Amino acid sequence: MRVAVTGGSGKLGRSVVRRLSDDGHEVTNLDRTGARRPGFAEVDLRNYGQVVDVFLGLEDRHAGFDAVVHLAAIPAPGLVPDAATFENNMQSTYNVFQAARRAGIKKIVYASSETVLGLPFDVDPPYIPVDEDYPARPESTYSLVKHLEEQMAIQLTRWDPDLSITGLRFSNVMDPEDYEDFPSFDHDARLRKWNLWGYIDGRDGAQAVARALEHGKPGFEAFIIANDDTVMGRSSASLAAEVFPNVKVVKDLGEHETMLSIDKAKRLLGYAPEHTWRTYHPLRTTPTED
Ligand SMILES: NC(=O)c1ccc[n+]([C@@H]2O[C@H](COP(=O)([O-])OP(=O)(O)OC[C@H]3O[C@@H](n4cnc5c(N)ncnc54)[C@H](O)[C@@H]3O)[C@@H](O)[C@H]2O)c1
């Protein structure tokens, strides 16, 4: 497929561009920053004219796209003033969704976020593991936008029954060099309770994007995308019992099993995480997998 990846210069985007290119797709990175080279076009997604134009073609570089992967955003609360997060992220996503519709692109995969599950869980989650079955609980402007994007996707796919939009609610994105810090999380169970001790390896995040491009059906679906395990050495059951004593744990948790349920992504997308920080040697500066 000819795939436009917005935010392809970013942390998750770099893994996604690599994965989709390796899979044989023709990938164009649309980002406001990046090195000038074939496969990259500098676009400010807040500008609708630029987005619709680049979706339709770019000189002799490409003549349109079959699918859009939309990752560009200010990627967390607190990086810029809330109003700037709202303006950048909401406007960019409206422009991407709307321009895709105008350009006749029927497949969109985009980055939602685990934050809509109620992070930082100052209010207890309804049950553990959390899943996609309870209403969103955004607790920041960043997360509010992610929620509104999902609502927008529901309506746009209702307007156009052929349109497929997949929202991937990524956990905290990690690259191998980040794994060095993981053992330091263990001394305090509350340090990483804000996302139920979850993470997503960038390469597994990219796998989820690839699977969603392949398996996404017309309509809208949201999926939690995390790794199979937690960031902790301690057992998942002991963490849940200590930090969330009043929350019902609705299944027998494996020793290090994720408390961000990825069952739906496994079932409907065939998502199967391949990486875990546990097979990296934390003291090596360049981690290598066993
Ligand atoms: N990093 C995480 O832990 C995490 C967790 C959950 C969801 N997400 C989501 O995943 C996506 C990617 O996150 P990331 O960590 O790779 O972020 P990142 O900041 O590393 O990359 C985002 C990219 O988007 C580009 N961008 C932002 N606004 C733009 C605009 N108006 N026009 C053009 N380009 C623009 C930036 O230049 C950057 O290259 C985001 O949507 C983020 O909200 C990230």
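Analyst: Let's begin with contact, which means heavy atoms within 4.5 Å. Helices (H or I, at least four residues) and strands (E, at least two) are DSSP runs, numbered from the N terminus. Before we go on, this is a predicted model, where local features need pLDDT of at least 70, side-chain atom pairs count only at pLDDT 80 or more, and totals for chains, interfaces and linings use all residues. Residues are numbered from 1 along each chain as its sequence is written, and side-chain values use heavy atoms, with hydrogens and water left out.

User: Thanks! Which residues of H2 and H3 meet?

Analyst: From H2 come Tyr48, Val51, Val52 and Phe55, and from H3 come Asn95, Val96, Gln98, Ala99, Ala100 and Arg102.

User: What makes H2 oblique to H3?

Analyst: The axes of H2 (residues 48-56) and H3 cross at roughly 40° and come within 9 Å. Oblique is what remains once angles under 35 degrees (roughly parallel), over 145 (roughly antiparallel) and 65 to 115 (roughly perpendicular) are set aside, so H2 is oblique to H3. The axes are lines fitted to C-alpha atoms, for helices over the stretch in contact, with angles from 0 to 180 degrees between N-to-C directions.

User: Why are H1 and H5 called oblique?

Analyst: Here the axes of H1 (residues 11-22) and H5 (residues 202-215) cross at roughly 55° and come within 8 Å. That angle falls in the remaining class too, and H1 and H5 are therefore oblique to each other. Among the residues making the contact are Leu12 and Val16 of H1 and Ala206 and Leu213 of H5. By class, this contact has seven nonpolar, four polar and two charged residues. Nonpolar covers Ala, Val, Leu, Ile, Met, Phe, Trp, Tyr, Cys and Pro, charged covers Asp, Glu, Lys and Arg, and the others, Gly among them, are polar.

User: How do you know that threonine 85 is buried?

Analyst: Buried means under 20% relative accessible area, exposed over 50%, and partly exposed in between (1.4 Å probe, protein chains only). Threonine 85 has a relative accessible area of 1%, so it is buried. Threonine 85 lies in helix H3 (residues 82-102). Leaving aside neighbours within four places in sequence, threonine 85 is in contact with Ile74, Val80, Met90 and Tyr142.

User: And why does phenylalanine 121 count as buried?

Analyst: Its relative accessibility is 2%, so phenylalanine 121 falls under the buried limit. Phenylalanine 121 sits in the loop between strand E5 (107-113) and helix H4 (141-159). Its C-alpha atom and that of tryptophan 194 are separated by 5.6 Å, although the two are 73 residues apart along the chain.

User: Now the rings: how many aromatic pairs are there?

Analyst: A search of the whole structure finds eleven. Rings of Phe, Tyr and Trp (its six-membered ring) pair if their centres lie within 6.5 Å; planes under 30 degrees apart count as stacked, over 60 as edge-to-face and the rest as tilted.

User: What makes the pair of phenylalanine 55 and phenylalanine 65 edge-to-face or stacked?

Analyst: The ring centres of phenylalanine 55 and phenylalanine 65 are 6.2 Å apart and the planes stand at 80°, so the pair is edge-to-face. Phenylalanine 55 and phenylalanine 65 are both buried.

User: Why is the pair of tyrosine 179 and tyrosine 280 called tilted?

Analyst: The planes of tyrosine 179 and tyrosine 280 are at 50°, with centres 5.1 Å apart, so the pair is tilted. These two tyrosines are 101 residues apart, and ring pairs link Tyr179, Phe182, Phe185, Tyr199, Trp277 and Tyr280 into a cluster.
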